[in-house]
Amino acid sequence: PHFTMLGQSLGSMVLALECLLRLTPHVFVDTTGYAFSYPLANLLGGCTVASYTHYPTISTDMLARVYEQRPTYNNRAGVANSTAASRAKALYYRLFALLYGVVGRFAHVVMVNSTWTFNHISSLWAIPKRTHIVYPPCDTTTLRKMPLNGERGSREPLVVSVGQFRPEKDHMLQLESFRLFLQKRSKNKNKNESKSIADGEPRLVMIGGCRNEGDQARVDELRRKADRWGIGGQVDIKTNIPFPELLAYLGRGLVGIHTMWNEHFGIGVVEFMAAGVVTLAHASGGPKADIVVDVARQRTGYLASTAEEYADAMSDIFAAYYDRGDRGRAELDAMRVAARQHSTTFSDERFLATFTDIIKQYL
C-alpha cells in the first residue's frame, strides 16, 4: 500500500464527522491517535478536545530514516536504495508532518504515554504547556506476587523474550545476541572463568503471538537461522501460548530481553521488572527514558543497542548469578527488588488519578 498515513488520516475525518453528526459530545477524547479528527471536533462540534497519544503518526526518527536511505520495516529497500524515491518520500513525510502539526494544535489538552512521545509531539504540535506525560496503566499485580527467585528458590538459566513476531520487534537481534553470548561464555569456560550451571545450559525462549503468514514466516526464519548457527538446541520459540504458561516462564527465567528500537513506551519491559526477571532492554525510546532508570542510585536493569552490547550484558548477568557467589546474587537481587518497586509507578491507580486530574483542569 502507498500513502497509508494520509489515507488513514482522511478516513479518520470521515469517521469523526459521522460520529459528530450522530451525537455531539461536550468533551471529545481521542485515544486512537487520529489527530486529523481534532479540527472537526473543535470547530464544527464545539467540543473540548482531549488527546491521549501513544505514538505520533509521524516522527523525526521516521524522517531521518528516509533521509539516510536506511531500509527498515516501514522504509522498503526499493525506496531506500533509490535517491529519487527517497527524496519524494521525504517530501511527502515533511508535508504530512506540517499538516499533522496543524491539526494537533486543535487539541485543548494533550496527554502522552512517555518522555519519548512527549518530545516528538511537543516538536510537531508545538504546544508543550498543554502537553502532559501520563504513563499508561500496567496491571502488574499478579506478576509482583511471584517469588523473586522462583518457586524453587532459584531462577533457571533462561533468557525470555515476550512480544508479537512483528518486524519492528527485531527478534533476529535477540538471536544474534544470544549466539554471541554463548560464544563468550564458552570461551570463559575454557579459561575456567565461568562455572557450569546445575540447571543446564542457557536457553533463549521467544514467546509471542503469530497474527498471520508474515509473522509465521519470521518465526520459520528464526528457526532456520538458529539451526544454521548451531544453537537450535538452545532456542525455543513458543507461539500463541496460554497466559498461565507465559507467567510460568516469567517466574522461572533469569533474564527478560527486549530489542525494539525506539518503542514509545514498553509495557512488556514493565512486566519483566514486575515479574522479577533481570531486565535487558533496548537503549532507546520509553525503556531508556522512563522505565529502566536508576531509582535512588540503584540500577533497575540493563540497556543495550547492538548484538555485542546485549551479549556483554547477558554475560554480566549470568556471571553475577552463577559465577560470583552470594555477592553477585545479592547485587542482582537489589536490582530486581528496585525494578519491581519501580514497576508500581505505572499502575492502573496512578494512571486513573493522573488522567482525571489533568482532564478536570480543562472542563
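How much space lies in the second largest pocket? The second largest pocket holds about 420 Å³. This is a predicted model, in which local features need pLDDT of at least 70 and side-chain atom pairs count only at pLDDT 80 or more, while totals for chains, interfaces and linings use all residues. Residues are numbered from 1 along each chain as its sequence is written, and side-chain values use heavy atoms, with hydrogens and water left out. A search of the whole structure finds 14 salt bridges and zero disulfides.

**Second largest pocket**

- A pocket is an open set of points on a 1 Å grid over the protein atoms alone, where a 1.4 Å probe fits, with protein on both sides within 12 Å along at least five of seven lines; lining residues have an atom within 4 Å of a point.
- Grid points are joined across faces, edges and corners, and the volume is the space filled by probe spheres set on the points.
- The lining of the second largest pocket has 27 residues, of which Val162, Gly163, Lys169, Glu263 and Gly268 lie nearest its centre.
- At least two lining residues come from each of strand 5 (158–162), helix 8 (171–190), strand 6 (203–208) and helix 11 (267–275); helices (H or I, at least four residues) and strands (E, at least two) are DSSP runs, numbered from the N terminus.
- Helix 11 supplies the largest share of this lining, four residues.
- By type, the lining residues divide into 10 nonpolar, 14 polar and three charged. Here Ala, Val, Leu, Ile, Met, Phe, Trp, Tyr, Cys and Pro count as nonpolar, Asp, Glu, Lys and Arg as charged, and the others, Gly among them, as polar.

**Helix 11 and positive phi values**

- Val269, Val270, Phe272, Met273, Ala274 and Ala275 of helix 11 are buried, where buried means under 20% relative accessible area, exposed over 50%, and partly exposed in between (1.4 Å probe, protein chains only).
- After helix 11 comes Gly276, with a positive phi near 95°.
- Most residues other than glycine have a negative phi.
- Asn262, although not a glycine, has a positive phi of about 55°. Asn262 sits in the loop between strand 8 (255–257) and helix 11 and is buried, with a relative accessible area of 8%.
- Asp170 also has a positive phi, near 55°. Its place is the loop between strand 5 and helix 8, and at 31% relative accessibility Asp170 counts as partly exposed.

**Salt bridges**

- A salt bridge is a side-chain nitrogen of Lys or Arg within 4 Å of a carboxyl oxygen of Asp or Glu.
- Asp323 pairs with Arg185 in a salt bridge whose closest N and O atoms are 3.4 Å apart. Asp323 lies in helix 13 (residues 307–323) and Arg185 in helix 8, so the pair ties together parts that are 138 residues apart in sequence. Both Asp323 and Arg185 are buried.
- Arg203 forms a salt bridge with Asp236, with 2.9 Å between the closest N and O atoms. This pair links distant parts of the chain, Arg203 in strand 6 and Asp236 in strand 7 (residues 235–239), 33 residues apart. Arg203 counts as partly exposed at 26% relative accessibility, and Asp236 counts as partly exposed at 22%.
- Arg324 forms a salt bridge with Asp316, the closest N and O atoms being 2.8 Å apart. Arg324 is partly exposed, with a relative accessible area of 40%, and Asp316 counts as partly exposed at 26%.

**Cysteines**

- There are zero disulfides, a disulfide being a pair of cysteine sulfur atoms within 2.5 Å.
- For Cys47, the closest cysteine sulfur is that of Cys19, 11 Å away, too far for a bond.
- Cys47 counts as buried at 3% relative accessibility, and Cys210 counts as buried at 18%.

- Lys288, in helix 12 (residues 285–291), counts as partly exposed at 49% relative accessibility.
- Not counting residues up to four places away in sequence, Lys288 touches His282, Ala283, Val293 and Leu303; contact means heavy atoms within 4.5 Å.
- The C-alpha atoms of Lys288 and Val103 are separated by 29 Å, with the two residues 185 apart along the chain.
- Glu309 is in helix 13 and is partly exposed, with a relative accessible area of 39%.
- Between the C-alpha atoms of Glu309 and His282 the separation is 10.0 Å, the two being 27 residues apart along the chain.
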